[in-house]
Amino acid sequence: MVKRYPHQRLTFNFSFITPDKNYDLKNREKKIKLKLVQVLESLSQEDKVALLARAKNNGLEKISENEIKSLRLHSEFQHERNSDCEEGFWIFRLSKNGRVVGKINRNIFYILAIDSKFKLYSWLIVDS
C-alpha cells in the first residue's frame with residue numbers, strides 16, 4: 001500500500017514582528033488588518049506545496065535576503081530563530097493594501113513586517 005503524504009498547512013506567528021513602527025501591526029489601518037485576516041484565513045486552508053504553486057499575487061513568493069532594503073528584525077528572532085529558517089524572505093500580498101514579509105521554518109511562517117507602503121523592497125517590471 002502506498003503511504004499518503006500528510007498535508008502540511010502553514011501556521012502564522014506574530015511573535016517576532018519588527019519593532020519598527022513603519023512595518024509593525026499596531027500602526028496599520030483597520031482595512032489592512034482586515035485584509036490580513038482574510039488572506040491568512042485563505043492561506044491557512046491549503047497545503048504548503050499548493051501555496052508555493054500559486055501565482056505570486058495570491059500565493060507565496062521567495063526573495064533573497066539582500067533584496068530587503070532595511071528591515072530591523074526583532075532581536076530575539078535574529079539571535080534565536082533566524083538560523084533555523086529557510087534562506088531568504090517569503091512574501092504574500094494583501095492585494096493593493098500591501099505585502100507581508102516573513103521567514104519560514106518548516107510549517108511556521110514568522111510574520112516579520114507588514115509593508116503597506118511597498119517600500120521594503122522594490123520589484124522590477126519588465127516591458128514585453
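Analyst: A charge sits over a ring if NZ of Lys or CZ of Arg is within 6 Å of the ring centre and within 35 degrees of the ring normal. In this structure, R99 places its charged end over the ring of Y121, 3.7 Å from the centre of that ring. K103 likewise lies over the face of F89, and here the distance to the ring centre is 5.1 Å. The model is a predicted one: local features need pLDDT of at least 70 and side-chain atom pairs count only at pLDDT 80 or more, while totals for chains, interfaces and linings use all residues. Residues are numbered from 1 along each chain as its sequence is written, and side-chain values use heavy atoms, with hydrogens and water left out.

User: How many helices and strands does the protein have?

Analyst: Helices (H or I, at least four residues) and strands (E, at least two) are DSSP runs, numbered from the N terminus. The protein has three helices and five strands. Along the sequence they follow the pattern β-α-α-β-α-β-β-β.

User: Which strands are joined to strand 5 by bridges?

Analyst: Two strands pair if DSSP finds at least two bridges between them. Strand 4 (residues 99-105) and strand 5 run antiparallel and are joined by seven bridges; in this part of the structure, G102 stands opposite I111 in strand 5. Strand 1 and strand 5 run parallel, with three bridges between them, and F12 stands opposite F109 in strand 5.

User: Is strand 5 largely enclosed or left open by the rest of the structure?

Analyst: One first needs the classes of accessibility: a residue is buried under 20% relative accessible area, exposed over 50%, and partly exposed in between (1.4 Å probe, protein chains only). Strand 5 (residues 108-115) is largely enclosed by the rest of the structure, because seven of its eight residues are buried. For the protein, buried residues make up 42% of the 128 residues.

User: How many aromatic pairs are found in the whole structure?

Analyst: Rings of Phe, Tyr and Trp (its six-membered ring) pair if their centres lie within 6.5 Å; planes under 30 degrees apart count as stacked, over 60 as edge-to-face and the rest as tilted. A search of the whole structure finds six such pairs. One of them is the tilted pair of F16 and F77, with 5.7 Å from centre to centre and 50 degrees between the planes. F16 belongs to the loop between strand 1 (11-13) and helix 1 (30-43), and F77 to helix 3 (residues 75-80), so this pair ties together parts 61 residues apart in sequence. Both F16 and F77 are buried.
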